[in-house]
Amino acid sequence: MDNIKYRNNYISGTVNINKSGILQLTTSYSDGWKVFVDGKESKIIKVNEAFVGTYVEAGEHKIEFKYKTPYLQLGIVF
């Protein structure tokens with residue numbers, strides 16, 4: 001990834017790849033992660049038993065990973 005931005009619960013950047021494949025971050029997998037490729041939600045993949053990733057088609061893309069603690073809103077209600 002290039003042009004990487006990292007904040008609490010947010011990682012973004014761009015990729016320009018010749019072949020479709022899986023983009024893996026060395027960030028721990030959790031159900032709270034969502035990923036957006038060019039603004040459209042994509043599927044999160046658990047990579048190498050521990051890390052978060054997603055499938056990316058060949059070409060140039062903006063990738064955004066957003067994290068929201070699972071069940072946090074439910075816990076606030078109770």
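These legends describe several close-up views of one predicted model.

The model is predicted, so local features need pLDDT of at least 70 and side-chain atom pairs count only at pLDDT 80 or more, while totals for chains, interfaces and linings use all residues. Residues are numbered from 1 along each chain as its sequence is written, and side-chain values use heavy atoms, with hydrogens and water left out.

View 1. Helices (H or I, at least four residues) and strands (E, at least two) are DSSP runs, numbered from the N terminus. Along the sequence the pattern reads β-β-β-β-β-β-β-β-α. The protein has 78 residues, and 29% of them are buried. Buried means under 20% relative accessible area, exposed means over 50%, and partly exposed lies in between (1.4 Å probe, protein chains only). The protein exposes about 5700 Å². Carbon and sulfur atoms supply 50% of that area. Accessible areas come from the Shrake-Rupley method with a 1.4 Å probe, and for residues only the protein chains shown count as cover. A contact means heavy atoms within 4.5 Å. Among contacts with a separation of 6 or more, 58% join residues 24 or more positions apart.

**View 2. Phenylalanine 65 is buried in strand S8.** Its relative accessibility is 0%. Serine 12 sits 53 residues away in sequence, yet the two C-alpha atoms are 6.1 Å apart.

**View 3. Isoleucine 44 belongs to strand S6, residues 44–47.** Isoleucine 44 counts as buried because its relative accessible area is 17%. Setting aside neighbours within four places in sequence, isoleucine 44 is in contact with Tyr29, Trp33, Lys34, Val35, Val52, Gly53 and Phe65. Aspartate 31 is 13 residues away in sequence. Its C-alpha lies 8.9 Å from that of isoleucine 44.

**View 4. Histidine 61 is another residue of strand S8.** Histidine 61 is buried, with a relative accessible area of 13%. Threonine 14 is 47 residues away along the chain. The C-alpha atoms of this pair are separated by 5.6 Å. Beyond neighbours within four places in sequence, histidine 61 is in contact with Gly13, Thr14, Val15, Val37, Asp38 and Val56.

**View 5. Aspartate 2 lies in strand S1.** Aspartate 2 touches Gly13 and Thr14, not counting residues up to four places away in sequence. Valine 15 is 13 residues along the chain from aspartate 2. Their C-alpha atoms are 6.2 Å apart.

**View 6. Asparagine 9 and aspartate 38 both have a positive phi.** Most residues other than glycine have a negative phi. Asparagine 9 is not a glycine, and its phi is about 65 degrees. Asparagine 9 lies in the loop between S1 and strand S2 (10–17). Its relative accessibility is 47%, so asparagine 9 counts as partly exposed. Aspartate 38 has a phi near 55 degrees. Aspartate 38 is placed in the loop between strand S4 (33–37) and strand S5 (40–42). At 43% relative accessibility, aspartate 38 is also partly exposed.

**View 7. Lys5, Arg7, Lys62 and Lys66 form a positive surface patch.** Patches are made of residues with over 30% relative accessible area and no salt bridge: like charges are joined within 9 Å, and nonpolar side chains (Val, Leu, Ile, Met, Phe, Trp, Tyr) within 5 Å. A salt bridge is a side-chain nitrogen of Lys or Arg within 4 Å of a carboxyl oxygen of Asp or Glu. Lys and Arg count as positive and Asp and Glu as negative; His and the chain ends are not counted. The place of a charge is NZ of Lys, CZ of Arg, CG of Asp or CD of Glu. Strand S1 (2–7) and strand S8 (59–67) each supply at least two residues of the patch. Lysine 62 is found in strand S8. Lysine 62 is partly exposed, with a relative accessible area of 43%.
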